[in-house]
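This report covers a pocket and a ligand in one structure. The sequence and model are shown first.

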Amino acid sequence: MNNAVTKGQFITVEGTEGVGKSTNMAFIEEWLIKSGKELIVTREPGGTELGEKLRAVLLDAKEQSMCDDTELLLMFAARAQHLQEVILPALNAGKWVLCDRFTDSTYAYQGGGRGIKMSSIAELEQWVQGDLRPDMTFVLDLPIDIGLERAGKRSAPDRFELEKHDFFNKVRDTFLARAAVQPDRYSVIDASPSISDVQQSIQVVLEKMV
Ligand code: TMP
């Protein structure tokens, strides 16, 4: 693993289904560009040609036989490619990286949701990422009922969206628990108020970063 010293800031956006990740990713992107930052915007799983192929497999609602460890390893396979091909080169060139989901999603979905041991995820994290962690992770937080209702109005559910409330409650609890123990690296944003209020809260955090 490449432990190169990084210069740009690495921001990730996390949350359960229907919390408004896309809208707020677009807001953060626009805000950082207006602040004069050179920025790349990417996502996980995905972000590379190979990673997007792995994403298609991971999200395919027909892949019902996929076992939990396969799911976990494919997430990290896509991440390894993404880091080497996109994220590390950008950070090392001094660019900012804004990523829609990252390893906190693995802890939340594969750890909290599927019940895989957190220590196994931590081992893979260290292997694939070395010491690289996001500089700031926004956790957009919303009660599961409200989020699923919003998300349900969209297209056909993917393999994760087919999961039940109980699964998503565990995912949400894991995001919140991780944020609680490392408050400097996370900003938990209440996603239930109006979009402008949510974006005001995000902006307060961004202003401290630039
Ligand atoms: P989304 O980012 O478009 O919401 O979809 C990606 C899905 O993949 C989402 O349901 C969360 C899931 N996921 C994991 O389960 N583990 C991971 O490590 C990542 C990055 C995503």
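## Lining of the largest pocket

The lining of the largest pocket divides into 11 nonpolar, 10 polar and 12 charged residues (Ala, Val, Leu, Ile, Met, Phe, Trp, Tyr, Cys and Pro count as nonpolar, Asp, Glu, Lys and Arg as charged, and the others, Gly among them, as polar). The model is predicted: local features need pLDDT of at least 70 and side-chain atom pairs pLDDT 80 or more, while totals for chains, interfaces and linings use all residues. Residues are numbered from 1 along each chain as its sequence is written, and side-chain values use heavy atoms, with hydrogens and water left out.

The pocket has a volume of about 770 Å³. Glu17, Lys21, Arg101, Asp158 and Glu161 are the closest to its centre of the 33 lining residues. A pocket here is an open set of points on a 1 Å grid over the protein atoms alone, where a 1.4 Å probe fits, with protein on both sides within 12 Å along at least five of seven lines; lining residues have an atom within 4 Å of a point. Its volume is the space filled by probe spheres set on the points, which are joined across faces, edges and corners.

## Ligand

The ligand takes up the space of the largest pocket (more than half of its atoms lie within 2 Å of the grid points). Around the ligand are 15 residues, the closest being Arg55, Arg101, Thr106, Tyr109 and Gln110 (a heavy atom within 4 Å).

Polar contacts (pairs of N or O atoms within 3.5 Å) reach ligand oxygen atoms from the side chains of Thr106 at 2.6 Å, Arg55 at 2.9 Å and Lys21 at 3.2 Å.

Definitions and conventions: A polar contact is a pair of N or O atoms within 3.5 Å; within protein, one must be able to donate a hydrogen and the other to accept it, and residues adjacent in sequence count only if both atoms are side-chain atoms.
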